[in-house]
Amino acid sequence: MCNIISIILFCFSGIVLLLYSIRKNNNFIDVRKTLANHVAIFKNKNNKWLKGQLLFFFGLPCTLAIATTIIKPIDDSFLNLILLIITIFISMFFAMLSIIISFKDRENQTKNEKLKDSKEQVQNKKLIKQTCDSLIFENFICVIIILISLIYNLFPKAVLNFLPDYCIGHLISIANFIIYYLLYCLLLNLFIVLKRIRILIHSD
């Protein structure tokens with residue numbers, strides 16, 4: 001009975017958190033804007049979606065997650081390894097953000113100076129904004145992975161013993177898929193961040 005109450009409370013809290021996160025004009029948890037700003041980089045100059053890039057960075061992780069879920073279900077030791085890697089990533093992303101902020105400060109210091117090419121300054125500001133948005137998006141994925149991993153670890157099969165075995169198996173597979181999908185999205189989108197930082201460094 002206690003297990004059922006615990007699950008109901010977790011589900012209720014999750015729904016409230018989700019609804020609060022995606023609502024408009026949110027001053028604290030602005031998930032909608034975080035996602036919109038990052039996905040906006042996959043539009044061309046005509047404001048049309050780059051479907052090939054979207055499919056690569058968000059569709060390919062889906063197939064990889066399915067394959068990995070079949071090959072390697074997540075156990076306790078592997079979950080601990082994932083959380084360790086995520087904490088390292090979070091530290092690295094915040095360090096990258098500090099680097100990008102330094103680029104932004106440098107751009108602000110030279111905004112009144114006459115540059116050789118004004119288009120270069122506009123391009124650099126755009127790259128800085130996109131890189132910041134991508135890093136915030138990556139941190140957001142890390143937080144989601146941590147939350148899902150904690151829930152996954154809190155609800156072993158013994159807690160869900162009131163459900164049929166096949167339901168428990170499906171729930172575990174879905175949780176595995178979501179964690180793997182977010183991990184692959186995290187890794188693939190990291191290439192976007194690294195490329196933009198490289199461009200900013202070489203254009204400095």
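**Reading helix faces and loops in a predicted model**

User: In helix 2 (residues 31–39), which residues are buried?

Analyst: Val31, Thr34 and His38 are buried in helix 2, where buried means under 20% relative accessible area, exposed over 50%, and partly exposed in between (1.4 Å probe, protein chains only). Seen down the axis of helix 2, these buried residues fall within an arc of 65°, so they line one face of the helix; the arc is that of the directions from the helix axis to the C-beta atoms. In general, an α-helix has 3.6 residues a turn, so residues three or four places apart point the same way. Helices (H or I, at least four residues) and strands (E, at least two) are DSSP runs, numbered from the N terminus. This is a predicted model, in which local features need pLDDT of at least 70 and side-chain atom pairs count only at pLDDT 80 or more, while totals for chains, interfaces and linings use all residues. Residues are numbered from 1 along each chain as its sequence is written, and side-chain values use heavy atoms, with hydrogens and water left out.

User: Which residues does Thr69 touch, not counting residues up to four places away in sequence?

Analyst: Contact means heavy atoms within 4.5 Å, and on that basis Thr69 touches Ser173, Asn176, Phe177 and Tyr180, with residues up to four places away in sequence not counted. Thr69 lies in helix 3 (residues 51–71) and is buried, its relative accessible area being 13%.

User: What is the phi of Asn47?

Analyst: Most residues other than glycine have a negative phi. Asn47, although not a glycine, has a positive phi of about 65°; Asn47 sits in the loop between helix 2 and helix 3 and is exposed, with a relative accessible area of 52%.
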